[in-house]
Amino acid sequence: MESHVAPELRNWSGTYQFTAREVIAARTVGEVQRAVAAGGRVRAVGTRHSFNDLADNGAALVSVTGIAPDPVIDEAAGTVTAGAGTSYGALAAWLQDRGWALGNLGSLPHISIAGATATGTHGSGSRNRILSAAIAGLEYVAADGELRKADRSTPGFDGMAVGLGAFGIVVRVTLDIEPTYLVRQDAYTALPWDRVLADTDGVLSAAYSVSLFTDWSGESLLAAWVKRRVEDAEAVVPDEFFGARRDPGQRVRFIEAPDDNLTVLGVAGPWSQRLPHFRLDSTPSNGDEIQSEYFVDRGQGALALEAIRRLAASITPLLMISEIRSTARDQLWLSGSYGRETMAIHFTWRNRPDEVDAVLWEVEAALEPFAARPHWGKASHVQADQVAKRYPRLGHARALFEQLDPGGRFSNHRLERLGVRAAR
Ligand SMILES: Cc1cc2nc3c(=O)[nH]c(=O)nc-3n(C[C@H](O)[C@H](O)[C@H](O)COP(=O)(O)OP(=O)(O)OC[C@H]3O[C@@H](n4cnc5c(N)ncnc54)[C@H](O)[C@@H]3O)c2cc1C
C-alpha cells in the first residue's frame, strides 16, 4: 500500500485543489479494508476527472485504480466482473478481444468505472441508459472494513448504483455485456437550429447515439456526431441528417486539442473504438477547461435549448464547445435521468473560473423552469433545496447511506451541503 501526503493533489484539469491530507493507493482489496479499518473519515477517489469537491474530504482518500482488473466473464449471466478502478477503455479493449461489448460508453475511455458510475456518467442515445444502469452487482468495503456484496436483488440497490462514494469503497463491479458489434460514426456539419428546435427528440433519437455540438451562435449548430450500429463494414450511411451534410473527412475538430485525440470517423469499427469520442492513447478534450452539464426532460428539450440560446452573448466568449445528448429514463435514485427521458446540455468552458462562475448563474436561472439536474461531477451552483425537489428519491438515498454508514465515515462537505448525507 502506498500512502503519501498530497498537498498539491488536483483534479484532472487542475481546476480543483484537493484538501485531503493523504491518498492511499491500494494494490489489493485487503489494503482498502485496512485503510477503512484504520478509522476516521475516508473516501474513494477515482481518476479525478470531476470538476468539484465531490471526491474530497480533507482527510484520507483511497484509490482503487492500482488494484489488478482481473476481469471475469459470466456468459450465462451476460456479465463481466472487474476491478472497480479499471478504466472503461481498458475493460472495453479486453472485452472486444473476447467478442463481447458494453452497451454504451462515455466520451472518454480514461475514467474509472467506479468513479464514472458513482456520478451517473452517461454516453448518448435515447434508448441508452446511463452507464450506472449497466451495473448488475457491486463488491464494496463497508464502514466496518468488511467486504460486502450487493446486486439487483439487494434492497436499496437502485440507490447504490449512482452512489457518489457515499456508502463505501467499491472494489469490484459487475456490468451487463452483450456480443460485440460494429459502430460507424459520421459528422454532419452545419445542422440548422430550426430543424433541431422543430423536432429535438427526433434528431436526438435518429441513431444509436447522437451528439450535437454548438457554440450557441448563428443559425446552425456546428455538427451532429452520429454513431450507428451497423451489420458490416460496408454499410452505407445517408449524406444528409436533418439538413446537415456529411463531412467526408475522417476527423472533425471542435476545440483546440491534440490533432489525433478523436476516434475514427467515416469507417465502421469495433464499438470499443467508436463509442468514445476520445482515443484511449491520447489526451481527451482540451485539458485546460471547466465542465458543467444539466439534465432536463427531453419533452421540454426545444424550450430548454431556446432558453440557453438566448444567453449566447454571455456564453459563447467563454465556451470551448457545448454538446447536447440524450439518455433513456431509468429508476436509479440519484440518476440525472431518474424517471424521465432526458436531454443533457453540456458546456466545456475555458479555464476562466470567475467568469464561468458568473455565467453559470445565468445558465441555471434560464434552466430553472425545467427543473434541471446538474451532473454530480461537474461545476454548478446546485443547492440542497434544488436537489431535494429534483430527486424524488433523495430521502430514500440519504436513509440508505446513513444506515450503511451510520458514523459518516464516507461522508464529506459536499454531500452534507446537498442533503445527500445527514449534516454532522
Ligand atoms: C474530458 C472529460 C470527459 C467527460 N465525459 C463525460 C461524459 O461523456 N459523460 C458524463 O456523464 N461525464 C463525463 N465526464 C465526467 C466524468 O465522467 C465524471 O466526473 C466521473 O465521476 C469521473 O470519474 P473518476 O473516476 O474521475 O471519478 P472521481 O472524479 O475521482 O470521483 C468522482 C466520485 O466517484 C466516487 N468514487 C470514485 N471511485 C470510487 C470507488 N471505488 N468507490 C466508490 N466511489 C468512488 C468518488 O468518491 C467521488 O464521489 C467527463 C469528464 C472529463 C474530464
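**Figure 1. Contacts of K378 in the predicted model.** Leaving aside neighbours within four places in sequence, K378 is in contact with F51, N52, Q291, S292, E293, H346 and R414. The model shown here and in the following views is a predicted one. K378 is located in the loop that runs between β21 (373-374) and α10. With a relative accessible area of 10%, K378 is buried, because the cut-off for burial is under 20%. One of the contacting residues is F51; the C-alpha atoms of K378 and F51 are 4.7 Å apart in space, although 327 residues separate the two in sequence.

**Figure 2. Surroundings of S337.** S337 has its place in the loop between β19 (319-327) and β20 (342-350). Its relative accessibility is 2%, and S337 therefore counts as buried. When residues up to four places away in sequence are not counted, S337 touches I130, T327, A328, R329, D330, T342 and R373.

**Figure 3. Packing of helix α7 with helix α9.** Two packed helices are described by the angle between their axes and by the distance between those axes. For α7 (residues 301-309) and α9 (residues 353-367), the angle is about 150° and the axes are 9 Å apart. The crossing of α7 and α9 is right-handed. On the α7 side the contact involves A304, A307 and I308, which meet V363, A366 and L367 of α9. The residues of this contact comprise 6 nonpolar, no polar and no charged.

**Figure 4. Buried residues of helix α11.** Helix α11 spans residues 394-404, and its buried residues are L394, A397, L400, F401 and E402. An α-helix has 3.6 residues a turn, so residues three or four places apart point the same way.

**Figure 5. D97 in helix α2.** D97 belongs to helix α2, which covers residues 88-97. Because its relative accessibility is 66%, D97 counts as exposed. Between D97 and W225 the C-alpha to C-alpha distance is 26 Å, and the two residues are 128 apart in sequence.

**Figure 6. Loop residues with positive phi.** Most residues other than glycine have a negative phi. D70 is not a glycine, yet its phi is positive, at about 40°. F242 is found in the loop between β15 (240-241) and β16 (244-246).

**Figure 7. The whole chain as context for the close-up views.** The chain contains 12 helices and 21 strands. Its C-alpha trace spans about 60 × 50 × 40 Å along the principal axes. The radius of gyration is 21 Å, which agrees with the value near 22 Å that a compact globule of 424 residues would have. Of the 424 residues in the chain, 59% are buried. The accessible surface comes to about 16000 Å², and carbon and sulfur atoms account for 51% of this area. Among contacts between residues at least 6 apart in sequence, 72% join residues at least 24 apart.

Definitions and conventions:
Residues are numbered from 1 along each chain as its sequence is written. This is a predicted model: local features need pLDDT of at least 70, side-chain atom pairs count only at pLDDT 80 or more; totals for chains, interfaces and linings use all residues. Side-chain values use heavy atoms; hydrogens and water are left out. Axes are lines fitted to C-alpha atoms, for helices over the stretch in contact, and angles run from 0 to 180 degrees between N-to-C directions. Helices (H or I, at least four residues) and strands (E, at least two) are DSSP runs, numbered from the N terminus. A crossing is left-handed if the near helix is turned anticlockwise from the far one by less than a right angle, and right-handed if clockwise. Contact means heavy atoms within 4.5 Å. Ala, Val, Leu, Ile, Met, Phe, Trp, Tyr, Cys and Pro count as nonpolar, Asp, Glu, Lys and Arg as charged, and the others, Gly among them, as polar. The radius of gyration is taken over C-alpha atoms; the globule rule is 2.2 Å times the number of residues to the power 0.38. Buried means under 20% relative accessible area, exposed over 50%, partly exposed in between (1.4 Å probe, protein chains only). Accessible areas come from the Shrake-Rupley method with a 1.4 Å probe; for residues, only the protein chains shown count as cover.
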